[in-house]
Structures are given as structure tokens and as C-alpha cells.
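Colleague: Please take one part of this model and go through it closely. I would like to know where that part sits and what surrounds it, and then how the rest is built.

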Amino acid sequence: MSPAIVVRDVYKQFGKPDAVNRWWFWRKAQTTSTAPAGGGNGHDAKAPIRRAVVVAVDHVSFEVREGEIFGVLGPNGGGKSTLIRLIATLLLPDAGAIHVCGYDVVRQPMQVRRLINRVSVEASFFKKLSPVENLLYGARLYGLEGRATRAEIEQILGRLGLEKRAIHNPMEQMSRGMQQKVAIARALLSRPRVLLLDEPTTGLDPRSKREVQAIIRELQQQEGTTILLTTHDMNEAELLCDRIAIMDQGRVVALDTPTGLRTLVPGPNGHITTLEDVFLALTGRPLDDEV
Amino acid sequence: MSTIVSLSPSPSFWVRQLRATYAFMERNANLVKRYWSWELVWLCYSIANALSVSYIGLGMEQLGAGNETINGRYLTLYLIVGTLVWHFLSVIFYWITDVISIERWEGTIEYTLMAPIHRLTHMAGQTLFAVLYSMLFNAVILVVAVLLFAIDLSHADLGAGLVMLLAGSLSFIGVGIMASVLPLLFPERGSQMTHVIIALMLLVSGVYYPIEVLPPLLQKVAVFSPATYVLIGARAALLEGAGVAELWPIIWPVLLMGLVAIPVGLRVFALAERYAKRTGKLHRNG
């Protein structure tokens, strides 16, 4: 099976390495060091004032097969969201190349955009507008026709457990879990070949989390959608993903099936190895440790 | 290397772009509907503002009693036209820049920029709505002004005035697209920075006074403001009944400015979008 996503030696950093801020009135306490993703909090008072450099994605390479659920597991600030944004044409890589279904994300962004959609950790909507108004807007941007889309919106939102009454009220009146379901509905409406899910269940209650996970599984099985899922939930990664890349400080430190990853590390005190044990052994710190 | 997937041929490119254009118009209309009370407040403010400026005309007549050179009626109409034209152009400008600002705050800008649409389609939808909304908004102010000041528009060429306004709106669309770069790159202060642009144009364009009263340097700057021409043309059409043929020497420079300003605006926006994607300025968190 041909890969749906190809990531080749991608590098992305924020901030310029030797950019000294010449504007005295904009000078702030900044670091001189090149920090890995999420880092850069150190400060040397005697050093010249330079802008902090954060390496978010550090020469990452992998392939996602068509119809696969590919997990990217890592701590906050590990570079997962940056990677998703690079694939989604929302960031430009400093080096390396990314192809989605054969199209280059930098040279052919329009073709890539027709094939993908994304659900981010924060449900971004016009909060004063209703779910129907928001989704109709999103669907029309993908060239979908209004009348048929309205019917489909009601059907999808109903399937996601939203009451018919609620779908015409402003989004600001909905819980975060409900808003996240609407975000998933927005992505489903455009029928993407590749779905990028950036921590879609973070902050959801256990029931909503299970419902969202069921939808992800259903999408893969029924529509054959290729899904790239980032998470820092070990159980979720194990439950959903065919393969998992463990990412830390912008680098992929391991990539295999959940079973394959567990074989990398012997179980503590003869117990069965968990993904958490694997992560701890490979990175030297627990997953919930803020970097 | 992955295999290239053939993209589905339907709907056609143009149908998709048209639907996307409509998406922006419908979304902005929905925003007006949801914020209707604020829009009403803004309309009341605009009417009060237009009237208070226009009353200066009558006030000058009274203050200069005995001075036959002051024609209060003419001065009032002069100020009303200036106020209406300025409202029309600035509402277009602010709709273009404010929606980008709202999108930054709501975090939806990433979804809009991730959609498979051309930036021209994006801006066309924004600006079509802005022009229609501005026309409706100003029609209400005009009706109130006509009723209150008993303005006689029987000698006015309303059609020529409208042509002048629409020609001028093209330039303001271009300037608006350029200015929308500010909230795109600076979500906290970008929106306020757009006020500087509009204030400078207000100063030099002769909205409430002829540009001849300005210092020579500002008069030279006024030549580059499309609003200068629109105001001269709209006053000629509404106060002196000048037709489109008479106004043509003023219309063509404005059209030319618009034809330059829109592509330049799109180019500036594309450069800013690229810069934002290179430096990671599109997202507010995560």
C-alpha cells in the first residue's frame, strides 16, 4: 500500500539563531541558547540580548500508509502540533519535504488542502454563531452545496449526540466537549482523504472521549480515511493506532506498532511493559513531565 | 514517494470558488445577525456623528450672521456628503480588517487559510459583503439626514454619485486588504493600528474641508488618497448635479488607483501570510 503522508528529514525552528534585537525598546529578557521544542527558559544576565530559538521539529522522517491510524505520542511542547501544522500547510518547513498523497505541501498547497482536514486541540469557531452556521461556512469553503450540506450537518451532529435544539444556538453556550464534537463534524463534512487530529480528546470527559475515539475508528474502517493522531494519552494511542511514533524534543525517538514498541524495553520487575515504560526508558522522563 | 492521488473533478474550480465567495458573505451576514444589537448601537452612533458634523454648517451660518459669504445650507450639504462618503469608505475598510481581527481572536484564521481557496476568492467574499453592507448602512444615514435637514436632492445626480462611490470603493478594498495584514500579524494591537491609516486618510482627503486649506505638503499627500477624488466627485454629483461624463476625469484616476491597489493588497497579504507561516504567527496557542 502506498504511503498517504511522507515526511522526509523535516526541520522547523522558531526564532533566528544570531538575531540580536537592535531595538532597545523591544528588548526583553531572552536566552542565548538554542532550545529544543518547548524549552528555552534559561537566562544568562551577562549574555548579549538575543532572541530565543526553539527547535520544534528536528529532522523528522516517517511515512503514514493509506488507511492507517498513525499516532504521534509525546509530551506538551514535543513538536506534535508543529508537525501537524506543517502537514496542514499552516507552517513552512525550514528544511526537508512533506508529501500528502503525492503532493508537496510547499509547492502544491492547494492540492494538499483539498485532500486534508484538521481538528485541533482547541475548538476554534465563531463562538457567536451556531454549529450549523459555523459548519455551513466551513463546508462552503470546500465547495460543498448548501442545501445538501445542511441536511448532512444535522445528520452528523445527531450522530455525534448533539440535540437538534442546540445546533441552532450560539457555540458559546456549548460545553467544550460538545464544541470539540462540532470540530470533528467540520472535518468530516469535507470528506478528507487524510485527517489530522491534534489531541482531539484532550480535556474531554471519559464518555465524550470514548465517543470521539469510536468515530475515529469508524472513519478508518468505513471510509478508509488515513488518520494522523497526536496525543499524550498512552491508552488512546494504544487503543487506536496501528503504528506510533514517539516524539520528544522535536525528534522521533522510536516508531513501531504498539506491540513492537513494548518489545524495545524490558518490563519493570517482570511486569508487562506499558507504553509509558517505553517512553520513560527512551526519553529519561515521564510523559506528563512539562518540558 | 507516495502515489499522486487524482483530485475529484467536480464541482468545477469556478463553482468551488463561487461557493467559497458566498461562504464569506453568508458568514459575515450571520455575524451581523448575531451581533444585531451592537450593529444597531453602531448605526445610532454613526447617525449622531453624521448629524453633529452636519449641524456645524448651520452653526457657522449663525456664528457668522451678517457675513453673506457663509451659506449655511450649502455648508451643511457639503458636510453631509463628506460624512456619508467617509462612512461608506471607512465601513468597507473596517469590515475587511475587523473580520481578520475577529478570525485571529477566535482562532478560525487557521481553518480559513487551510481551506482550498484562492486568496482572491477569500477577499472577494469579504469585500462584496462589505460594499453591500456599507451601502445599506449609509442609505439609512442619508434618509435620516434628508428628513432632518429637509435636503433638496432634486438637482443631484444620484446615479453619478453612486458610480463615484463604487469606483472609490475599489481603492479602499485594496487599502483594506493591505491593512488587514496588521491584525493578521499582530492580533493584540493590529486592529488599533488600522485606525492610524484611516485617520491619516481622513486628515488629507478633504472630508470636512477643501484640501486647499491644508499645508502644501499635506496637499501633495492628498493627491495619493483615493478618498480625495471620491469626495470631489460625489460633491460635484450631489451638490451640482454633475453627470458621469463630467465626472470621468475624476473617476478614471480612482479606478486606476483601485486596479493597482487590489493586486498590491493581495500581494502584500500573500507575503504577510507567508511570513506568518514561516515564523509561526498564525496560531495563538498550542
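Modeller: A:Q249 sits in the loop that joins β10 (243-248) to β11 in chain A. The model is a predicted one, and that applies to everything below. A:Q249 is not a glycine, yet its phi is positive, at about 50 degrees. A:Q249 counts as buried because it has 20 C-beta neighbours inside 10 Å, and 20 is the number from which a residue is called buried.

A:G77 and A:Q249 are 172 residues apart in sequence, but their C-alpha atoms are 7.4 Å apart in space. A:G77 belongs to the loop between β4 and α1 of chain A. A:G77 is buried too, since 20 other C-beta atoms lie within 10 Å.

As a general point, the strands of a sheet pair through backbone hydrogen bonds, either parallel or antiparallel.

One pairing can be given in detail. Strand β4 (residues 69-73) of chain A pairs with strand β9 (residues 226-231) of chain A in the parallel sense, over 5 bridges. Within that pair, A:I69 stands opposite A:I227 of β9(A).

A:T89 lies in the loop between α1 and β5 of chain A. With 22 other C-beta atoms within 10 Å, A:T89 is buried.

The loop between α1 (80-87) and β5 (95-100) of chain A also holds A:L91. A:L91 is buried, with 26 other C-beta atoms within 10 Å. Leaving out residues up to four places away in sequence, A:L91 touches A:K12, A:T82, A:R85 and A:L86, and also B:K277 and B:G280. From A:L91 to A:L228 there are 137 residues in sequence and 17 Å in space, C-alpha to C-alpha.

For chain A as a whole, the count is 9 helices and 11 strands. Of its 291 residues, 47% are buried. Among the contacts in chain A with a separation of 6 or more, 70% join residues 24 or more positions apart.

The contact between the chains takes 39 residues from chain A and 36 residues from chain B. On the chain B side, α1 (13-34), α4 (109-114) and α11 (244-279) each supply at least two residues. α1(B) gives the most to that side, with 11 residues. By class, the side of chain B that touches chain A has 18 nonpolar, 9 polar and 9 charged residues.

Chain B has 11 helices and 0 strands. Its C-alpha trace spans about 85 × 40 × 40 Å along the principal axes. Of the 286 residues of chain B, 43% count as buried, and residues 24 or more positions apart account for 80% of its contacts with a separation of 6 or more.

One helix pair shows the packing in chain B. The axes of helix α2 (residues 36-63) and helix α3 (residues 72-106) of chain B come within 7 Å and cross at roughly 155 degrees. α2(B) is therefore roughly antiparallel to α3(B). Their crossing is right-handed. Residues of α2(B) in this contact include B:A50, B:V53 and B:L58, and those of α3(B) include B:L75, B:L79 and B:L84. The residues of the contact of α2(B) with α3(B) divide into 10 nonpolar, 7 polar and 1 charged.

Definitions and conventions: Residues numbered from 1 in each chain as written. Chains lettered and ligands numbered in written order. Predicted model: local features only at pLDDT ≥ 70, side-chain atom pairs only at ≥ 80, totals over all residues. Contact = placed C-beta atoms within 7 Å. Helix = DSSP H or I, 4+ residues; strand = E, 2+ residues; numbered from the N terminus. Nonpolar A, V, L, I, M, F, W, Y, C, P; charged D, E, K, R; others polar. Buried ≥ 20, exposed ≤ 12 C-beta atoms within 10 Å, placed from the backbone. Pairing = 2+ DSSP bridges. Axes fitted to C-alpha atoms, helices over the stretch in contact; angles between N-to-C directions. Parallel < 35°, antiparallel > 145°, perpendicular 65-115°, else oblique. Left-handed = near helix turned anticlockwise from the far one by under 90°.
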